[in-house]
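Please keep the sequence and the model in view while reading the points below.

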Amino acid sequence: MRRCVCPGSFDPVTNGHLDVVERAAGVFDDVVVAVLVNVAKKGLFDLDERIEILRDACSHLRNVRIASFEGLLVDFARQNEISVVIRGLRAMTDFEHELSMAQMNHRLTGLETFFVATNPEYSYLSSSLVKEVASYGGDVSGLVPKQVQERLRGRFEDGRSNSR
């Protein structure tokens, strides 16, 4: 069985993330979308919300499952018998950071990283940018799944929230 992991914080998941997951699901038999638990960072959405949103957003993909992990990705991959990481690249600035992580993961356990060039439609898109636009009341439709849009609206009701 060909198994891969698509790791990230997904705070929130964007249509760019989903594009990468869908493309991975077309190549691999089993795709694990792994949500990073970062206790040092307070996210907009808690872990349970991010997992719930991802389960809903990926429900049409029969070979995708959602999990969470804390610590090193290589440990999660080893425990789940995963040999490939899928990472989306938006621009050259992503590449430098992603390459060093890929090389370290390979050095630690032999974990391979496959880079997927982001669909140009989403090349500028990031979770941080989505949160910023939503916090000022901007329209993020077409950038995130409907569930995320609704939850963002709830978080930033008047567009002037201090939760940025």
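Contact means heavy atoms within 4.5 Å. With its neighbours within four places in sequence left aside, leucine 152 is in contact with Leu44, Phe45, Val130, Ala134 and Val140. The model is a predicted one, in which local features need pLDDT of at least 70, side-chain atom pairs count only at pLDDT 80 or more, and totals for chains, interfaces and linings use all residues. Residues are numbered from 1 along each chain as its sequence is written, and side-chain values use heavy atoms, with hydrogens and water left out.

**Nonpolar cores**

- A nonpolar core is a set of buried Ala, Val, Leu, Ile, Met, Phe, Trp, Tyr and Cys residues joined through side-chain atoms within 4.5 Å; buried means under 20% relative accessible area, exposed over 50%, and partly exposed in between (1.4 Å probe, protein chains only).
- The largest nonpolar core has 36 residues, of which Val31, Val64, Ile66, Ile86 and Leu152 touch the most other members.
- At least two residues of this core come from each of strand 1 (3-8), helix 1 (15-25), strand 2 (30-36), helix 2 (47-57), strand 3 (64-69), strand 4 (84-89), helix 5 (127-135) and helix 6 (146-155); helices (H or I, at least four residues) and strands (E, at least two) are DSSP runs, numbered from the N terminus.
- Helix 1 gives the most to this core, namely five residues.
- Another core, of 12 residues, lies apart from it and includes Ala34, Leu73, Ala77 and Leu111.

**Helix 2**

- Glu49, Arg50, Ile51, Ile53, Leu54 and Ala57 are the buried residues of helix 2, and their cover includes helix 1, strand 2, strand 3 and helix 6.
- At the start of helix 2, a side-chain oxygen of aspartate 46 comes to within 3.2 Å of the backbone nitrogen of aspartate 48.

**Strands 4 and 5**

- Strand 4 and strand 5 (residues 112-117) pair in the parallel sense over six bridges, where pairing requires that DSSP finds at least two bridges between two strands.
- Valine 84 stands opposite glutamate 112 in strand 5.
- Strand 4, helix 4 (residues 92-109) and strand 5 make a right-handed β-α-β unit; a crossover is right-handed if, with the strands pointing away from the viewer, the path from the first strand over the helix to the second runs clockwise.

**Backbone features**

- Most residues other than glycine have a negative phi, and most peptide bonds are trans.
- The loop between strand 1 and helix 1 holds proline 12, and the peptide bond from aspartate 11 to proline 12 is cis, with omega near 0°.
- Phenylalanine 10 lies in the loop between strand 1 and helix 1 and has a positive phi of about 50°; with a relative accessible area of 6%, phenylalanine 10 is buried.
- Glutamate 81, in the loop between helix 3 (73-79) and strand 4, has a positive phi of about 55° and is exposed, with a relative accessible area of 65%.

**Aromatic pairs**

- A search of the whole structure finds three aromatic pairs; rings of Phe, Tyr and Trp (its six-membered ring) pair if their centres lie within 6.5 Å, and planes under 30 degrees apart count as stacked, over 60 as edge-to-face and the rest as tilted.
- Phenylalanine 69 and phenylalanine 76 form a tilted pair, 5.4 Å centre to centre with 35° between the planes, and both residues are buried.
- The ring centres of phenylalanine 95 and phenylalanine 115 are 5.9 Å apart and their planes are at 65°, so this pair is edge-to-face.
- This pair links distant parts of the chain, with phenylalanine 95 in helix 4 and phenylalanine 115 in strand 5, 20 residues apart.

How values were computed
A polar contact is a pair of N or O atoms within 3.5 Å; within protein, one must be able to donate a hydrogen and the other to accept it, and residues adjacent in sequence count only if both atoms are side-chain atoms.
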